[in-house]
Amino acid sequence: MSQTEQVEKQVVEDDLAAAHQLVLNLSGSLQGQLDIQSNTSCAELSNGGWSGNGFSQELLGLAMVPVLVSAGCLFEAQALVMQLYAVLGQNDTHEFLQDILVLIKRGKERHNGFRTPSSPSMQNSESQRHLQAVIFNIHQLAEVGENIDESIVRLRGQCSGWVRVKGTQFLGQAAEQSKRLSLEEAQQACGSLGFQCAGVTQDGDSVCYRVILRHGSRVVPSSNSESWILNCKVRSVRWRRNGVPQQQCVNEKEERVYTVVEWIPAVSTLYNLGTAVYYASVSCYDTAKERAIFSTVDLGTDALMAVTGGTAGVAGYALGAGLKTGVKAGIKYLLNSMKEEDDLVMNQNTWEDGTLTVQ
């Protein structure tokens with residue numbers, strides 16, 4: 001065995017030992033916290049019917065570790081922790097799981113253990129528009145890493161109408177323009193591009209607007225500007241390797257897990273957001289929207305827009321370390337938002353090069 005192989009073997013053994021100890025510690029800390037009464041087996045809980053790579057998998061992994069531990073599925077929990085080590089690193093995995101443990105305990109104190117799942121009120125028109133921005137970001141997260149055939153994009157891009165979202169800005173690549181554009185001129189230029197255009201955004205605090213291309217774009221909170229999202233119907237015309245027709249979007253494996261986690265504070269929020277991105281990635285947009293709405297119960301639309309927009313802004317999930325940093329920042333922001341006692345103070349976090357930085 002070469003020296004390199006010996007080092008790699010030692011790293012794996014150290015990670016296994018750390019994962020084993022972490023699961024034992026969580027088992028003790030969660031004692032009496034989650035009383036999971038379900039006929040769902042350990043195999044079913046650890047294989048919820050979702051698959052793939054990316055932001056959704058980190059969220060789902062973090063959500064499911066305490067559930068598996070509480071259900072007595074220690075072997076499966078340890079295996080999941082090892083997967084999280086590979087993408088988040090050992091230190092961040094431990095930190096995130098400790099944060100989730102704090103949130104679970106706080107949730108039990110507030111809700112007597114489990115809460116009754118409820119749908120947030122979305123009657124306010126501004127809330128509806130901010131939710132549209134969240135849905136846009138979730139679709140963008142689902143598209144990361146996909147190679148898009150331009151001829152098929154033209155088939156998909158049936159666009160008409162605009163959604164005005166105050167207090168936001170588009171981040172992404174701006175279309176080339178020879179002069180500064182008014183709102184009407186920017187919308188006309190964007191509309192001529194069809195599905196390739198995401199929308200238009202206010203250029204700073206001026207009365208001029210920039211046209212933002214769809215690929216890699218996202219919407220983030222910004223108090224002094226507004227965005228207009230081009231309203232395009234998202235259809236499953238483009239073939240996805242893992243895509244399924246909308247009418248076949250019932251995932252019984254996932255729904256069995258959902259019935260277990262939907263009652264658990266903090267865990268349900270992570271799980272709902274993770275499955276929202278997953279369902280969008282397999283073209284199940286109605287279910288994705290439903291899960292996104294439920295994830296706003298604890299977070300609110302602005303915080304959810306920030307975390308999805310910040311993570312979607314990292315170009316290409318397969319690019320490695322840069323993206324992992326963005327995903328970690330997104331998860332940390334999400335957990336910090338859930339721990340806030342009062343309204344989220346947006347200026348505690350900053351955007352640098354379109355990436356969310358959490359202080």
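This is a predicted model: local features need pLDDT of at least 70, side-chain atom pairs count only at pLDDT 80 or more; totals for chains, interfaces and linings use all residues.
Residues are numbered from 1 along each chain as its sequence is written, and side-chain values use heavy atoms, with hydrogens and water left out.

**View 1. An open sheet of four antiparallel strands has the order E1-E4-E2-E3.** Helices (H or I, at least four residues) and strands (E, at least two) are DSSP runs, numbered from the N terminus. Two strands pair if DSSP finds at least two bridges between them. Strand E1 (158–171) and strand E3 (209–213) are the edge strands. Each has a single partner strand, so one side of each is left without a neighbour in the sheet. Neighbouring strands are turned by 20° against each other on average, direction ignored. The axes behind such angles are lines fitted to C-alpha atoms, for helices over the stretch in contact, and angles run from 0 to 180 degrees between N-to-C directions. Strands of a sheet pair through backbone hydrogen bonds, either parallel or antiparallel.

**View 2. Strand E4 (218–233) pairs with E1 and with E2.** Eleven bridges join E1 and E4 in the antiparallel sense. E2 and E4 also run antiparallel, over three bridges. Ser227 of E4 is the bridge partner of Val165. Ser227 is also the bridge partner of Thr201. Twelve of the 16 residues of E4 are buried. Buried means under 20% relative accessible area, exposed over 50%, partly exposed in between (1.4 Å probe, protein chains only). Helix H6 (residues 125–143) lies across E1, E2 and E4, and runs at about 100° to E1. Contact here means heavy atoms within 4.5 Å.

**View 3. Strand E2 (residues 197–202) runs antiparallel to E3.** Five bridges join the two strands. Leu213 in E3 is the bridge partner of Cys197. Cys197 also forms a disulfide with Cys190, S to S 1.9 Å. A disulfide is a pair of cysteine sulfur atoms within 2.5 Å. The torsion about this S-S bond is about -110°, so the link is left-handed. Cys190 is buried, at 0% relative accessible area. Cys197 is buried as well, at 0%.

**View 4. Two further disulfides join Cys159 to Cys232 and Cys42 to Cys73.** The structure holds four disulfides. With the bonded cysteines numbered in sequence order, the pairing is 1-2, 3-6, 4-5, 7-8. Cys159 and Cys232 have an S to S distance of 2.0 Å. Their S-S torsion is about 105°, so this disulfide is right-handed. The pair links distant parts of the chain: Cys159 is in strand E1 and Cys232 in strand E4, 73 residues apart. Cys159 is partly exposed at 25%, whereas Cys232 is buried at 11%. Cys42 and Cys73 lie S to S 2.1 Å apart. Their link is left-handed, with -80° about the S-S bond. Cys42 is in helix H2 (residues 42–46), and Cys73 is in the loop between helix H3 (55–70) and helix H4 (74–88), 31 residues apart. Cys42 is partly exposed at 25%; Cys73 is buried at 2%.

**View 5. Ala266 and Ser283 have positive phi values.** Most residues other than glycine have a negative phi, and most peptide bonds are trans. Phi of Ala266 is near 70°. Ala266 is buried, at 5% relative accessibility. Ser283 has a phi of about 70°. Its place is the loop between H10 and helix H11 (285–299). Ser283 is buried at 3%.

**View 6. Tyr258 and Tyr271 form a stacked aromatic pair.** Rings of Phe, Tyr and Trp (its six-membered ring) pair if their centres lie within 6.5 Å; planes under 30 degrees apart count as stacked, over 60 as edge-to-face and the rest as tilted. The count comes to three aromatic pairs. Tyr258 and Tyr271 are 6.3 Å apart centre to centre, with 25° between the planes. Tyr258 is in helix H9 (residues 252–261) and Tyr271 in helix H10 (residues 267–281), 13 residues apart. Tyr258 is buried at 14%, and Tyr271 is buried at 0%. Arg291 lies over the face of Tyr258, 3.9 Å from the ring centre. A charge sits over a ring if NZ of Lys or CZ of Arg is within 6 Å of the ring centre and within 35 degrees of the ring normal.
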